[in-house]
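Visitor: I'd like to go through this one with you. Can you put it up, and then we start at the ligand?

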Amino acid sequence: MKQIVFCLPGNEALGKDIIAGLAAETGHAETRRFPDGESYVRLLSDVKDKQAIVLCTLDRPDDKLPMLYFLCRLLKDSGATDITLVAPYLSYMRQDKAFHPGEAVSSRYFAAWISSFIDRLITVDPHLHRIARLEEIYSIPCESLHAGPPLADWIRENVSQPLIIGPDSESEQWVSKVAAQCNAPFVVLDKVRSGDRSVRISIPALDAYKEHTPVLLDDIISTAHTMIETVKLLKQAGMKPAVCVGIHAVFAGEAWEELKESGVQQIITANTILHRSNQIDLAKLFIGALK
Ligand code: R5P
């Protein structure tokens, strides 16, 4: 079956490598906004009887979803056999329960909607907290790729004597694996979130690790408050400046500047969301999953 890959705006760099690795056809579509802000999509490639792959990372999803939806509907109407959405960052995973009476459990609503117009989903380390597997909320085949091994490679090659630090008890499962892969000790923090931008963190005693370089590892850096608070506590504990490693570089608002100014040694992310901090290339993971 012939594969044709469409990259929505902002996904071209990663898309180029994926297309080359798959030796797939590049899909062409004109995408733009009307003067009133509505989305316009026009298909320029023949997709009949081809397997369509749509690459669209879903940070800032509300700006991207109409375009994605229109393109996928158009691909099907134009004869594509099936559509695989590659969303390196999968949005709407964190509101996975009603924390207050009357709240929408948006992860479920979003999953049901996405499942209605694509046939298969590939993503990287989705924020699975109270949901164990994507298939619990998506009704299509889903594949979650893991950035842990490439992250561990980067840490092993670039940080001397790392101490891996996970943000909360839920992270222990994957943070402990990364630590084992770089042959480093790890600790996890105790975190309580009391609002969008406020987190309370407690760190365990770190006296035994004074010679280590703290490496803060998190799946998402959004407001960066989790990392900024941790950096503050590490400084107070007399630790060396931290290296911050995140998978998904969401960086909401001024988060990037604020984290940079908090006294960290380095901030590194994977290229699931295009950002200047990207240093860990996951193209090979996607190629492997799509082959
Ligand atoms: C939460 O459970 C996640 O693993 C991250 O720790 C969280 O999303 C980070 O958010 P922020 O950067 O806004 O503190």
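**Ligand shell and aromatic pairs**

Guide: By class, the shell around the ligand has six charged, five polar and three nonpolar residues; nonpolar means Ala, Val, Leu, Ile, Met, Phe, Trp, Tyr, Cys and Pro, charged means Asp, Glu, Lys and Arg, and polar the others, Gly among them. This is a predicted model, where local features need pLDDT of at least 70, side-chain atom pairs count only at pLDDT 80 or more, and totals for chains, interfaces and linings use all residues. Residues are numbered from 1 along each chain as its sequence is written, and side-chain values use heavy atoms, with hydrogens and water left out.

Visitor: Which element supplies the largest share of the shell?

Guide: β13, with four residues. Elements here are DSSP runs, helices being H or I of at least four residues and strands E of at least two, numbered from the N terminus.

Visitor: How far is arginine 94 from the ligand?

Guide: A polar side-chain atom of arginine 94 is 2.6 Å from a ligand oxygen atom. For threonine 223, a polar side-chain atom also lies 2.6 Å from an oxygen atom of the ligand.

Visitor: Changing topic, how many aromatic pairs are there?

Guide: Seven in the whole structure. Tyrosine 69 and phenylalanine 117 are edge-to-face, because their ring centres are 4.8 Å apart and their planes at 85°; rings of Phe, Tyr and Trp (its six-membered ring) pair with centres within 6.5 Å, and planes under 30 degrees apart count as stacked, over 60 as edge-to-face, the rest as tilted.

Visitor: Is phenylalanine 117 buried or exposed?

Guide: Buried, at 5% relative accessibility. Buried is under 20% relative accessible area, exposed over 50%, partly exposed in between (1.4 Å probe, protein chains only). Tyrosine 69 is partly exposed at 22%.

Terms used. A polar contact is a pair of N or O atoms within 3.5 Å; within protein, one must be able to donate a hydrogen and the other to accept it, and residues adjacent in sequence count only if both atoms are side-chain atoms.
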